[in-house]
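Biologist: Could you walk me through how the helices pack here, and then we can turn to other features?

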Amino acid sequence: MIVLGIESSCDETSCAVVKNGKVLSNLIYSQIEHFPFGGVVPEIASRAHIKKLVPLLQAALDEAGLTVESIEGVGATKGPGLIGSLLIGLSFAKSFAYARGIPFYGVNHLEGHIFGTLVDVSPNFPALGFIISGGHTHLYYIPRLGSYKLIGKTRDDAAGEAFDKVAKALGLGYPGGPIIDKLSQGANPEYHRFTSPMRGKGLDLSFSGLKTSFIYFVQSLSKSELETHLNDILASFQMTVVETLIEKLLEASRITGTKELIIAGGVACNSLLRRRLEALKDEGYNVYLPLPMYATDNAAMIALCAEFHLKRGERSGFDLPPEPYAPLENLL
Ligand code: KG4
Ligand code: ZN
């Protein structure tokens with residue numbers, strides 16, 4: 001089956017074409033329009049999606065060597081995400097499917113992230129799915145693909161959000177994750193010991209307190225100490241986040257008895273996190289990490305997820321509304 005995917009939940013506009021689980025094209029426009037504001041401006045995001053969708057669709061078809069007529073199904077993100085942004089991609093996808101007389105499926109963005117990690121790999125089930133992004137830090141038990149039980153989540157900020165807010169507080173730019181990752185290279189992560197949040201308190205996480213203690217610590221330093229040790233402080237922060245994530249993941253593995261670990265979302269690009277997770281392979285865990293282009297928001301993951309559901313005969317109506325807070329929990 002040849003499926004067109006559309007992603008527009010936040011500040012990435014993306015179109016992709018997949019065929020029987022293989023990605024034929026995956027084009028992403030990361031909106032630079034937000035840079036002067038240090039974060040995503042919803043109204044600007046919606047307008048940028050409108051401008052970019054049609055040229056991206058054409059480019060995705062060209063790259064796949066296909067025409068509009070060859071598309072057999074359409075998937076688009078229905079949520080969670082920004083309502084205006086979702087509305088653009090969803091309306092576009094529904095119109096396309098309606099006009100062509102082909103089936104449409106509204107994809108949960110979180111389930112899409114799981115499929116981003118499964119490009120060209122087939123894990124064993126049951127597995128754990130850990131979605132670590134700018135909006136979510138959600139831990140799922142997955143008995144089989146398409147069935148999800150939420151077993152832990154952040155009670156406040158997401159892990160990516162903590163990276164972004166810490167970088168913003170220091171005026172380092174946006175998004176903060178890649179910037180902090182880069183500045184931490186070769187720095188001393190033992191320079192300052194931040195308290196690991198929610199340690200030993202079940203599977204829920206929290207990053208807001210860590211962010212605040214980081215900001216207070218930075219404010220307590222002299223200008224020269226901050227200048228000399230900025231990278232060490234960032235590396236210390238990064239290590240605390242990564243250690244917390246690994247600790248919760250291993251606790252979930254112990255509780256559920258599965259060593260199949262599917263890691264998804266933008267923070268899965270983090271080099272320290274990837275090194276730590278790769279090391280778990282020597283301890284009998286099967287760790288599945290996404291390629292960076294499938295970790296951050298992209299339409300290939302949406303198209304693959306839509307193809308999975310469409311092949312099972314599942315369809316969404318053309319009256320499907322955007323769902324800004326769509327939960328992912330359907331233990332079937
Ligand atoms: O999955 P994603 O593209 O969007 C959401 O659905 O939220 O994730 C974006 C998040 C941002 O918070 C960004 O700072 C973070 O992923 N991120 C990273 C890295 N690359 C992206 N965080 C830590 N280290 C990175 N290398
Ligand atoms: Zn995402």
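**Helix packing and other features**

Modeller: Helix H4 (residues 159-169) packs with helix H7 (residues 223-256) at an angle of about 170°, their axes being 11 Å apart. That makes H4 roughly antiparallel to H7, a label for angles over 145 degrees, where under 35 counts as roughly parallel, 65 to 115 as roughly perpendicular and the rest as oblique. Axes are lines fitted to C-alpha atoms, for helices over the stretch in contact, and angles run from 0 to 180 degrees between N-to-C directions. Helices (H or I, at least four residues) and strands (E, at least two) are DSSP runs, numbered from the N terminus.

Biologist: What kind of model is this, and how are residues numbered?

Modeller: This is a predicted model, in which local features need pLDDT of at least 70 and side-chain atom pairs count only at pLDDT 80 or more, while totals for chains, interfaces and linings use all residues. Residues are numbered from 1 along each chain as its sequence is written, chains are lettered from A and ligands numbered from 1 in the order in which they are written, and side-chain values use heavy atoms, with hydrogens and water left out.

Biologist: Which residues of H4 and H7 meet?

Modeller: Ala159, Ala162, Phe163 and Val166 in H4 meet Leu234, Phe237, Gln238, Val241 and Leu245 in H7, where contact means heavy atoms within 4.5 Å. By class, this contact has eight nonpolar, one polar and no charged residues; Ala, Val, Leu, Ile, Met, Phe, Trp, Tyr, Cys and Pro count as nonpolar, Asp, Glu, Lys and Arg as charged, and the others, Gly among them, as polar.

Biologist: And at what angle do H4 and H5 pack?

Modeller: The angle between H4 and H5 is about 75°, with their axes 7 Å apart, and the two are therefore roughly perpendicular to each other. Phe163, Asp164, Val166 and Ala167 of H4 make the contact with Gly176, Gly177 and Ile180 of H5, and these residues divide into four nonpolar, two polar and one charged.

Biologist: Changing topic, how many aromatic pairs are there?

Modeller: A search of the whole structure finds eight aromatic pairs, taking rings of Phe, Tyr and Trp (its six-membered ring) whose centres lie within 6.5 Å, with planes under 30 degrees apart counted as stacked, over 60 as edge-to-face and the rest as tilted. One of them is the edge-to-face pair of Phe194 and Phe217, at 5.8 Å centre to centre and 90° between the planes. Phe194 lies in the loop between helix H5 (176-184) and helix H6 (208-219) and Phe217 in helix H6, so the pair ties together parts that are 23 residues apart in sequence.
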